[in-house]
Amino acid sequence: MSDQFDGGNRPPDGIDDTPTVTCSRCDAEWDLEYELETLRVGNRALERFALDHKRHTGHFPDEVRPWTAVCERCSDGDEFLSERPARRWAETHTRHTGHSVSLEHTDTETTVVDAGE
Ligand SMILES: [Zn+2]
Ligand SMILES: [Zn+2]
């Protein structure tokens with residue numbers, strides 16, 4: 001009888017060493033070393049990557065569930081990382097054009113910024 005159990009429940013080392021991001025539209029994967037080491041954005045690395053990816057490719061990577069603002073009249077619109085800039089875009093568009101704008105997040109939430117006075 002041996003009782004030399006060696007605690008096999010320990011997680012492997014380096015499990016969240018350098019976070020990675022995948023994008024199925026680009027069919028590629030990146031680590032965030034550039035964001036962490038060069039841009040030094042710390043825990044905003046994913047956010048920074050997502051914004052840069054959007055700026056240069058026109059879409060967000062897989063991990064990001066963007067807020068989408070879409071005008072119901074002229075189908076102008078844009079995607080944002082969080083609700084606040086999306087809502088600001090919607091309110092600004094409504095202010096200048098009088099159009100109503102839908103704010104969508106994932107498949108479940110949709111709110112409308114109305115053009116009401
Ligand atoms: Zn991509
Ligand atoms: Zn519009």
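Predicted model: local features only at pLDDT ≥ 70, side-chain atom pairs only at ≥ 80, totals over all residues.
The chain as a whole has 3 helices and 6 strands, which run β-β-α-α-β-β-α-β-β from the N terminus.

**Chain overview**

- Of the 117 residues in the chain, 15% are buried.
- Taking contacts between residues at least 6 apart in sequence, 31% join residues at least 24 apart.

**Pairing within the sheet**

- Strand 3 and strand 5 run antiparallel and are joined by 5 bridges.
- Val-70 stands opposite Ser-102 of strand 5.

**Helix 3**

- Helix 3 covers residues 83–97.
- Its 15 residues should span 21 Å at 1.5 Å a residue, and the C-alpha atoms at its ends are 21 Å apart, so the two values agree.
- Ala-86, Trp-89, Ala-90 and His-93 are the buried residues of helix 3.
- The buried residues of helix 3 pack against strand 3, strand 4, strand 5 and strand 6.
- On the face turned away from the buried side, helix 3 carries the exposed residues Arg-84, Arg-95 and His-96.
- Gly-98 follows helix 3 and has a positive phi, near 75 degrees.

**Nonpolar cores**

- The largest nonpolar core has 9 residues: Trp-67, Ala-69, Phe-80, Ala-86, Trp-89, Ala-90, Val-101, Leu-103 and Val-113.
- At least two residues of this core come from each of strand 3 (67–71), helix 3 and strand 5 (101–105).
- Helix 3 supplies the largest share of this core, 3 residues.
- Another core, of 5 residues, lies apart from the largest one and includes Ala-45, Phe-49, Ala-50 and Phe-60.
- In soluble globular proteins, nonpolar side chains tend to be buried together.

**Contacts of Trp-67**

- Trp-67 belongs to the largest nonpolar core.
- Neighbours within four places in sequence aside, Trp-67 is in contact with Glu-79, Phe-80, Ser-82, Glu-83, Ala-86, Leu-103 and His-105.
- Among these contacts, Phe-80, Ala-86 and Leu-103 are also members of the largest nonpolar core.

Methods:
Residues numbered from 1 in each chain as written. Chains lettered and ligands numbered in written order. Core = buried A, V, L, I, M, F, W, Y, C linked by C-beta atoms within 7 Å. Buried ≥ 20, exposed ≤ 12 C-beta atoms within 10 Å, placed from the backbone. Helix = DSSP H or I, 4+ residues; strand = E, 2+ residues; numbered from the N terminus. Contact = placed C-beta atoms within 7 Å. Expected span 1.5 Å × (residues − 1). Pairing = 2+ DSSP bridges.
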